[in-house]
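Student: I am new to this structure. Could we go through it by asking what each term rests on?

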Amino acid sequence: MRLSRASAVLAILTLYLLHNNWWSWQPDFTLLFGSIPFELVYRILWVLVSTGVLWLVMRGWWRQSE
Amino acid sequence: MNSFVLLLVFGLYILTLVIIGVFSYRRGMESAEDYFMAGRSFGTFVLFMSLFGTNVTAFALIGMPGIAYHAGIGVFGYFGAIGAFVTPLSFILIGYPIWQLGKRHGYLTPAQMFGERWQSAAVSYLLFGLLLWYTIPYVIIGLMGGGIAIEALSGGAVPYALAAGIVAAVTVVYTSLGGMRGTAWTNVFQATIFLAFLIVACIGISAKLGGIKLLHTRLVSEAPQLLGNQHPRLTPGIWATGFLVGPASVIAFPHMFMRLMTARSPKALRRTIFVYPWGLVLLYVPITLIGVWGALDIPGLIGKESDKILPMLVERHLPIWLGAVGLAAILAAVMSSLDGQLLTISTMIAVDIFPHKAYKAGPRIGRLGVILLAAAALMVSLFRPAGIFDISVYAFSGYTLIVPVMAFGLFWKRSTATGILIGSILGHGLLAAYYLGLKYPTFGTFPVFPCLIIESAAVALGSLLTPPPAQEVIARFNHPFNLPDV
């Protein structure tokens, strides 16, 4: 799978919007698996998705020189 | 803390650094390329640990838990998560072309590379001056941080001046001996220490406090505000532009810029970029949790008192020897950045000021530079200049303004030296004016945000109003992503 330049920009903007989730900054009392705060899980999942985007961006933009 | 255990761990730590420095000196060759760039030979492991160790400062181990103590788990998103994306992204977009150009043309410093990009000595000297201006306070802060940490954690047994002197002397020994190779391998050792310490401390403290499940159930009932973001200064505008001051400016740190150019191959660089976000997660998750748990275990700390929450929890719940390792970890974070900064500034002085001598006498000039700089920084740090810690936000913002210069140089063929000079002077001038008291409207964002827009617009306008660069210059800096293999 390769990202076009427009898709890469769109993916980065979407990640940026998801980072700015100031509407849900109020404490969420949910503990996932009974012990992990929701906010922490949300951020780690965000990093996981962003790593995927980094991989796709790199695959698309570095291909001509490798 | 038991002074024998402290001295033993501290001594072992310093001895290891010196041994690595001597070993690197024996292995290295007396050439500028080898001393300043380690022959551009680093594979994934050394490259990652070297970049990571250089990037992480004592703030992560001292300041961050203190902030999480008051503000809650939400700060992980602001300091950790966004950095885990933006910094590697800048490595992909800007770091990779820089690596290619460095490998192809033998560049050693940012001023050298971008001075040639626009065939302009003025651009080269401007970049040199700006990078020096923003980096030197960090060297002083690093020495002060090391001195304060040792004095505090040794219970005053090692006074501040002696502690700062020891940090400076040891860093000078292994940096001047080993050059880039020496500092990279010491960074491997140092990053291993502070990362391993944090993970062990996190597991140990949570076990002593009843386990993660109990701790977080207590959090819901006793301090639910810490489950979100409660930092009064993290408003939506600051949150939205926070990535500019820190994560996005990392690529413009001269010590990071130069380390990126030491990659052996695109494969090493690519793998490093994929590991990088998870290194930051491994660092910032324990740091955040320790800060928040500290609020449950030792409530009531006011303001900066919470900066000591990590050492307080370690002393209260973990064995003495681990406390001593904790001190070594803080020193590791201090020195792993300090060595990179010292080496980088000495490289810049050798290459950008004495370009004709740098390639012949580079290592000698570099060593002399490291010693003189460290001595000067130590002298200043002994006076503990007030307000120097406030300079850090200004310096980070200044680095941020150098990122567009790099981007214009790499991606906009039409950009000209005049445009870059006008834009840089306007942007950096406005930023300095803000911190000197001219409080222009920032619309709830970081002060650097308006400067960034004005700088970029001025570069664009100035470039379009001046004749385009010569074709052969543009060809030399051909669109980086289209460059063939090097």
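Student: What makes helix α4 of chain B oblique to α14(B)?
Tutor: The axes of α4(B) (residues 58-71) and α14(B) come within 6 Å and cross at roughly 120 degrees. Angles under 35 degrees count as roughly parallel, over 145 as roughly antiparallel, 65 to 115 as roughly perpendicular, and the rest as oblique. That makes α4(B) oblique to α14(B). The contact (heavy atoms within 4.5 Å) is made by B:A58, B:L61 and B:I62 of α4(B) with B:A329, B:I330, B:A333 and B:V334 of α14(B). By class it has seven nonpolar, no polar and no charged residues. Here Ala, Val, Leu, Ile, Met, Phe, Trp, Tyr, Cys and Pro count as nonpolar, Asp, Glu, Lys and Arg as charged, and the others, Gly among them, as polar.

Student: What kind of model is this, and how are residues numbered?
Tutor: This is a predicted model: local features need pLDDT of at least 70, side-chain atom pairs count only at pLDDT 80 or more, and totals for chains, interfaces and linings use all residues. Residues are numbered from 1 along each chain, chains are lettered from A, and side-chain values use heavy atoms, with hydrogens and water left out.

Student: Why are α7(B) and α14(B) called roughly antiparallel?
Tutor: The axes of α7(B) (residues 121-153) and α14(B) (residues 320-353) cross at roughly 155 degrees and come within 9 Å. The two helices are therefore roughly antiparallel to each other. Their contact residues divide into 21 nonpolar, five polar and one charged.

Student: What about α5(B) and α12(B)?
Tutor: Helix α5(B) (residues 75-105) packs against α12(B) (residues 266-297) at about 165 degrees, the axes being 9 Å apart. That makes α5(B) roughly antiparallel to α12(B). The contact has 18 nonpolar, five polar and no charged residues.

Student: How do you know that A:R43 and A:E39 form a salt bridge?
Tutor: A salt bridge needs a side-chain nitrogen of Lys or Arg within 4 Å of a carboxyl oxygen of Asp or Glu. The closest N and O atoms of A:R43 and A:E39 are 2.9 Å apart. Both residues lie in helix α2 (residues 38-62) of chain A, four residues apart, about one turn of the helix. Over all chains, the structure holds five salt bridges.

Student: How many salt bridges link chain A and chain B?
Tutor: The count between them is zero. Their contact takes 34 residues from chain A and 47 from chain B. About 3,800 Å² is buried between the chains, and carbon and sulfur atoms give 75% of that area. Buried area is the accessible area (1.4 Å probe) lost when two parts are put together, summed over both.

Conventions:
Axes are lines fitted to C-alpha atoms, for helices over the stretch in contact, and angles run from 0 to 180 degrees between N-to-C directions.
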